[in-house]
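Me: Hi! Could you walk me through this structure in plain words? Let's start with the aromatic residues.

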Amino acid sequence: MKRLIFALCAALVAIVASAAGASIKFNEEIHNFGSFDESKGKVTCEFKFTNTGSSPLVLQEVKASCGCTTPEWTKTPIAPGKTGVVKATYNATGRPGAFNKTITVKSNAGETKLTIKGEVTNGKKAPEGEDL
């Protein structure tokens, strides 16, 4: 019985310690590229963030909602008070019209959804059935 109580107390301490750990705060969670010509090709923005917690922040997975958006991110642990970046590159080639894409950031501080949007002008229409 004592072992069970000890194990439960140890688990509770671990849960409380992890909850008080890393915390992520982005400068912005939505970036609007506005209107731009398709000939520009790829456009990139940076979402800067700070670890506002008390333990190192680790980005475990960064995933775009479609293949036209490519994310890059800080892959090393971010110490408390330090900053990192998630870059999002949208390939506008062959994708005229409005777009609204998400990048899901999973970390030891939880999950955050970032958004990029804008409108591609003066281009050809995307092939039938392809997501814009």
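Reply: Happy to! A definition to begin with: rings of Phe, Tyr and Trp (its six-membered ring) pair if their centres lie within 6.5 Å; planes under 30 degrees apart count as stacked, over 60 as edge-to-face and the rest as tilted. This is a predicted model, where local features need pLDDT of at least 70 and side-chain atom pairs count only at pLDDT 80 or more, while totals for chains, interfaces and linings use all residues. Residues are numbered from 1 along each chain as its sequence is written, and side-chain values use heavy atoms, with hydrogens and water left out.

Me: Good. Which residues form one aromatic cluster?

Reply: That cluster is made of Phe 33, Phe 36, Tyr 90 and Phe 99.

Me: And how many aromatic pairs are there by this rule?

Reply: The count is five. Take Phe 33 and Phe 99: their ring centres are 6.3 Å apart and their planes lie at 40°, so this pair is tilted. The two come from distant parts of the chain, with Phe 33 in strand 2 (residues 30–37) and Phe 99 in strand 7 (residues 97–107), 66 residues apart. Strands here (E, at least two residues) and helices (H or I, at least four) are DSSP runs, numbered from the N terminus.

Me: Is Phe 99 buried or exposed?

Reply: Phe 99 is buried, because its relative accessible area is 4%. The cut-offs are under 20% for buried, over 50% for exposed and partly exposed in between (1.4 Å probe, protein chains only). Phe 33 is buried too, at 19%. Phe 99 also forms a stacked pair with Tyr 90, 3.9 Å centre to centre with 10° between the planes. Tyr 90 is buried as well, with 0% relative accessibility.

Me: Nice. What sits over the ring of Trp 73?

Reply: The charged end of Lys 75 does, 4.1 Å from the ring centre. The rule asks for NZ of Lys or CZ of Arg within 6 Å of the ring centre and within 35 degrees of the ring normal.

Me: Changing topic: how many helices and strands are in the chain?

Reply: The chain has one helix and eight strands.

Me: What order do the strands of the open sheet take?

Reply: Four strands make up that sheet in the order 1-3-6-5, with antiparallel pairing. Two strands pair if DSSP finds at least two bridges between them. Strand 1 (24–26) and strand 5 (69–73) are at the edges with a single partner strand each, so one side of each has no neighbour in the sheet. Strand 5 pairs with strand 6 (residues 83–91) over five bridges. Across from Thr 89 in strand 6 you'll find Thr 70.

Me: Last one: what does Thr 50 touch?

Reply: Leaving out residues up to four places away in sequence, Thr 50 touches Ser 23, Ile 24, Lys 25, Gly 81, Lys 82 and Thr 83. Contact means heavy atoms within 4.5 Å. Thr 50 lies in strand 3 (residues 42–51) and is partly exposed, at 22% relative accessibility. Its C-alpha atom is 6.4 Å from that of Gly 84, 34 residues away along the chain.
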